[in-house]
Structures are given as structure tokens and as C-alpha cells.
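Trainee: Could you walk me through how to read a few local features in a model like this one?
Mentor: Gladly, let's take them one at a time.

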Amino acid sequence: MAGLALVTGSSRGIGAAIAVSLAQEGVDVAVHCRTDREGAEETVRRCRALGVRAQAFFCDVSDSAQVERLRGEIHSALGDPLVLVNNAGVDAFGLLTDTTDAEWRRVMGTDLDGVFYCCRAFIPAMVREKWGRIVNITSMWGVAGASCEAVYSAAKAGVIGLTKALARELGPSGITANAVAPGVIRTEMNARHSAETMAALCEETPVGRLGEPEDVAAAVSFLASERAGFVTGQVLGADGGYI
């Protein structure tokens with residue numbers, strides 16, 4: 001596997017692990033984040049240490065104009081990504097009835113609108129090349145739903161629907177579209193949970209442990225590779241059997 005990949009939200013956590021995993025496969029990486037310049041540059045350093053080209057880019061994926069600017073910047077610096085990993089995301093926790101309009105828009109803007117904007121911006125180059133890989137990071141809660149995470153669950157379920165539609169739309173152009181649905185992964189997003197809650201989640205996970213960012217990255221690297229050329233429209237659970 002070679003070429004160029006864009007991994008959104010790759011300054012830390014799952015996104016950083018995905019970027020490094022792809023670099024290990026010889027893929028150049030456009031590292032993206034909204035504001036974490038220090039984290040993004042660390043991911044770039046780790047990728048370059050593996051012998052590939054890597055550069056950091058910054059934008060808010062919930063803003064379509066910024067995504068279009070991002071497309072131009074990556075094209076000028078590295079070329080056109082033929083692998084797109086839509087990983088950038090935020091979450092929300094609380095009762096649906098307590099959710100404000102602003103909170104709804106914040107989560108939908110990044111987790112669903114951002115995937116749409118990035119796909120719209122980067123798919124044309126894949127169509128021209130008659131080859132591409134789109135891997136969208138959803139969540140096990142997008143599959144099953146979670147109490148007190150209705151907004152997040154709705155956004156991630158939307159990502160699944162978008163992924164399945166793109167698989168049908170883009171298959172004739174040699175482009176696959178798949179989703180990876182992580183379970184409970186050791187990331188900053190889950191750091192809000194108490195030790196007791198994390199222990200309970202671990203106990204509920206059949207494999208008997210929590211996930212690591214590298215577990216998700218391995219699934220993404222497979223779906224982004226030539227080996228997955230006949231796999232499209234799928235949701236691959238990386239949740240240790242939780243769902």
C-alpha cells in the first residue's frame with residue numbers, strides 16, 4: 001500500500017494511531033486537527049520517522065469553507081489523498097431533554113457534517129483515479145444506541161447510513177466506503193469516566209479488556225489496503241465483542 005492518506009482528528013488518540021499505522025504501511029499522511037498543533041506535529045514526527053512524507057494541516061471540519069481550503073492546501077503540499085479516514089469527532093453526555101440547540105449542532109457539525117464535507121471535497125480526485133478508500137469512524141453507539149448519549153448516537157448512526165450509500169454510489173468508480181465502530185477505547189474522550197465505570201465496561205467486554213487506539217488502527221489499515229478491495233458498505237466492529 002502506498003499513496004497519500006488524510007486522517008482527520010489525528011493529533012492524538014485513535015486518529016494518531018491510525019496515521020502511524022498507515023505510515024507503517026508506507027502511506028504518506030496528511031495529519032489533521034482543529035487546534036492541537038503540538039499533538040499534530042508529534043504525529044507528523046512519528047510518521048516521518050517511518051520514512052514517509054507527513055505534514056500537519058488545521059481546520060474545523062464542521063465548516064465547509066475551511067474544508068475546501070484544506071483540500072487546496074493538501075493538494076499543493078502533498079498531492080491528492082486517495083485514502084480518506086474521517087475520524088474527527090466530539091461527544092456529548094446528558095439527557096436528550098437537557099440538550100440545547102447549540103449542543104446538538106456542535107456534535108452534528110463535527111461528527112456528521114464534517115464527514116459529509118470531507119467526502120464531498122476529496123472524492124472527486126478518487127473518481128479521477130478510479131481508485132479510493134473511504135473509512136469513516138463511527139461508534140458502537142451508532143449501531144446500538146446509548147442512554148444519555150442520544151445526540152452522539154444519532155450522529156454516528158448517520159455516518160453509517162452515509163457510508164452505506166457511498167459504497168453503492170462509488171463502487172463503479174473503484175472506490176470502497178466502509179466504517180469502523182470502536183467500542184470502549186482508552187482515549188481522552190473516555191477519561192471522564194470513573195475508574196469504577198471503566199472497570200465495569202471492561203467486565204462487560206467479552207474479550208476481557210478495554211480497547212487500545214491501535215486496535216482500531218489495525219482495522220482501518222486493513223480497510224484502506226488493496227486486500228480489502230472486495231469489502232465495501234460494511235461496519236466493522238472493533239469493540240471486543242461488546243455489541
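Trainee: Is Lys 130 buried or exposed, and why?
Mentor: Exposed means over 50% relative accessible area. Lys 130 has 52% relative accessibility, so it counts as exposed. Bear in mind that this is a predicted model.

Trainee: Where is Lys 130 found, and what is its phi?
Mentor: Lys 130 sits in the loop between α4 (101-129) and β5 (132-137). Its phi is positive, about 60°, although Lys 130 is not a glycine. Cys 148 is also not a glycine and has a positive phi of about 65°. That residue lies in the loop between α5 and α6 (150-170). Cys 148 counts as partly exposed because its relative accessible area is 26%.

Trainee: Which residues make the nonpolar surface patch?
Mentor: Residues in a patch need over 30% relative accessible area. Here Val 143, Val 235 and Ile 243 make a nonpolar patch of about 240 Å². Val 143 belongs to helix α5 (residues 140-144), and with 49% relative accessibility it counts as partly exposed.

Trainee: Is Asn 178 buried or exposed?
Mentor: Buried means under 20% relative accessible area. Asn 178 has 0% relative accessibility and therefore counts as buried. You will find Asn 178 in strand β6 (residues 175-182).

Trainee: Which residues does Asn 178 touch, leaving out those up to four places away in sequence?
Mentor: Among them are Ile 134, Val 135, Thr 163, Leu 223 and Gly 233. For Gly 233, the backbone nitrogen lies 3.2 Å from a polar atom of the Asn 178 side chain.

Definitions and conventions. Residues numbered from 1 in each chain as written. Predicted model: local features only at pLDDT ≥ 70, side-chain atom pairs only at ≥ 80, totals over all residues. Heavy atoms only, no water. Patch = residues over 30% accessible without salt bridge, like charges linked within 9 Å, V, L, I, M, F, W, Y side chains within 5 Å. Areas by Shrake-Rupley, 256 points an atom, 1.4 Å probe, with all protein chains shown as cover. Salt bridge = Lys/Arg side-chain N within 4 Å of Asp/Glu carboxyl O. Helix = DSSP H or I, 4+ residues; strand = E, 2+ residues; numbered from the N terminus. Buried < 20%, exposed > 50% of the residue type's maximum accessible area, 1.4 Å probe, protein only. Polar contact = N/O pair within 3.5 Å; in protein donor to acceptor, adjacent residues only side chain to side chain. Contact = heavy atoms within 4.5 Å.
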